Amino acid sequence: MIKFKMLYAIMATMMILVALSPVLAEPDSSEKIIKADLIFGPEKGLNPAYEYTGWYMREAGIYETLFALDKDMNIVPELATGFDQVSDTEYKIHLRTDVKFHDGSPMNADAVVKSLNDLISSSDRRSEYSFIDSVKKDDESTITIKTKDPYAPTIASLADPLASIVNTDVDLNKTPSGTGPFKFESFEKGVKMAVKRNDDYWGRKANLSGAVLYFVSDAMTRALQLEGYDIDITRGLPQTEVKKIESDKDLDVLQKETLRLNLLYVNTKKAPFDNPSVRQALNYAINRQEIVDTALEGVGGVPAIGPFSSDNPWSANDELKAYAYDPSKAKELLEQAGITDTNGDGLLEFDGKPFNITIKTYTSRAENKPSAEVVAAQLEKIGIKSNVQVLEVGAIRSDLSKGDYDMALYSWSTGTTGDPDYFLSKHFESTGAEAKKTGYSNPDVDSWIKAGRTTFDQKERMNYYAKAQERVLKDSPEIFLFYLNELVGVNKNVKGYVIYPSCEITFLTPDISLGE
């Protein structure tokens, strides 16, 4: 039976590759066209204001923003040349005057105002920009953004690809018109996107003639396509394939700690998870280093302390007391919460019933399932019977929204805009979308987060956010597991690729080239 299962798995993998092989057709050898595997792609249209479409379009080098994060996480002007803060609620944004959209029309104040107003009026994520009161043109190269209240992350929020500047006068779903170093050429949902060099780009022209970006959700398929030289570069390598790829003289693995955090949502609306002592006990029961060493093969991540990795300038990790792996402490806290082994079978009970935990996670990220399985095994060691349920992304989102879960292993980018409010307000402010999923609410945390985003002095902001990080670590509505290392597999003929901290929104840049 075991041999049959192995043969079936091999055949299934071969079928996937055969099915994909027509897609991976060779480009014209006279052109420098890179072939890349990405994890995700646009799901509904190509308008940046829909869900995370802006991320994928920026990843493809098509869309740009007024401000952006550089490779050192500094917020720098992109389509803007700078800004003046006129008051606590008013910003004058100065625009570049040498930029054209891909359709040839000028990127001027009128176009920028239209693009931003489209975002704040019709995006399915427009609530994230509800702080904006108005966007108006001053002259051809200047706009003014007024906020309803003082809002310190205003400029940082304009670095989110959700706020990409596009020509809204065209049908973005058919002929998306951005300003990036690459122009849209074609798109096949769930399969691939093709782009070509923008020869009229305002910045340095791209080295590549173009690119074909394949959307491949299965991590092993991505690895096999790299190993078979069907592609030149892939994001999201499975950790298990790193040594094999590194042993190939023509391939290499690039890696860097990123802003992505893998965590466990804890359903605080459900007993006994509504008890902070139980959530703290679960923290002590988890050996984060073991997760990194086993599920991540020692290369895929760094054990987490607080929500932000230590490389993040807003991290308070140096002042935070990490949860040590301490099974005895975990059992002690559980006993105080009334969770004990009443019948001597080695398993804990709560309220007269076995205390069982289901950890839900999803399929598209290679590290999720093995990490959840290691956590489940660690909980078993202290008497908590645990199982892992793997779902599609849509299904787990639905379950989280409905509160139909115990714990859920999820992955989040904590620094898309470079400002801490982006993550903290979503996850730990009581009105935040993710806080509503865990049921977390703490008035002190609410007040610190609010103070942090309405204060403009950076030291004061850091003080508020450090307090918030300390409290949420203690309250543990989410259990922080590890900061993910980005693993990028490349053929050695790929030159100039740099892993940005915000690697999920910065991928195809003018610097990338293909050697012989």
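Which ring does the charged end of lysine 426 sit over? The ring is that of tyrosine 422, with the charged end 5.1 Å from its centre. Here a charge sits over a ring if NZ of Lys or CZ of Arg is within 6 Å of the ring centre and within 35 degrees of the ring normal. Keep in mind that this is a predicted model, where local features need pLDDT of at least 70 and side-chain atom pairs count only at pLDDT 80 or more, while totals for chains, interfaces and linings use all residues. Residues are numbered from 1 along each chain as its sequence is written, and side-chain values use heavy atoms, with hydrogens and water left out.

**Rings and charges**

- Arginine 125 also has its charged end over a ring, that of tyrosine 52, 4.4 Å from the centre.
- You'll find 18 aromatic pairs in the structure; rings of Phe, Tyr and Trp (its six-membered ring) pair if their centres lie within 6.5 Å, and planes under 30 degrees apart count as stacked, over 60 as edge-to-face and the rest as tilted.
- One of them is phenylalanine 131 with tyrosine 151, a stacked pair at 3.9 Å centre to centre and 15° between the planes.
- Phenylalanine 131 sits in the loop between helix 3 (109-122) and strand 6 (132-139), and tyrosine 151 in the loop between strand 7 (142-147) and helix 4 (154-157), so this pair ties together parts that are 20 residues apart in sequence. Helices (H or I, at least four residues) and strands (E, at least two) are DSSP runs, numbered from the N terminus.
- Phenylalanine 131 counts as buried at 10% relative accessibility, and tyrosine 151 counts as buried at 13%. Buried means under 20% relative accessible area, exposed over 50%, and partly exposed in between (1.4 Å probe, protein chains only).
- Phenylalanine 308 and phenylalanine 423 have ring centres 6.1 Å apart and planes at 65°, so they make an edge-to-face pair.
- Phenylalanine 308 is in the loop between strand 13 (301-303) and helix 9 (327-336) and phenylalanine 423 is in helix 12 (residues 421-428), so the pair ties together parts that are 115 residues apart in sequence.

**Helix packing**

- Helix 12 packs with helix 14 (residues 443-454) at about 155°, axes 11 Å apart. Axes are lines fitted to C-alpha atoms, for helices over the stretch in contact, and angles run from 0 to 180 degrees between N-to-C directions.
- That makes helix 12 roughly antiparallel to helix 14 (angles under 35 degrees count as roughly parallel, over 145 as roughly antiparallel, 65 to 115 as roughly perpendicular and the rest as oblique).
- On the helix 12 side, Asp421, Leu424, Ser425 and Phe428 meet Val445, Asp446, Ile449 and Arg453 of helix 14.
- Helix 14 also crosses helix 15 (residues 458-475) at roughly 155°, and their axes come within 8 Å.
- Among the residues that meet there are Trp448 and Ala451 in helix 14, and Tyr464 and Ala468 in helix 15.

**Two loop residues**

- Serine 364 lies between strand 17 (356-362) and helix 10 (368-381), in the loop, and is buried at a relative accessible area of 6%.
- Glycine 338 belongs to the loop between helix 9 and strand 14 (339-340) and counts as partly exposed at 40% relative accessibility.
- Leaving aside neighbours within four places in sequence, glycine 338 is in contact (heavy atoms within 4.5 Å) with Glu349 and Phe350.
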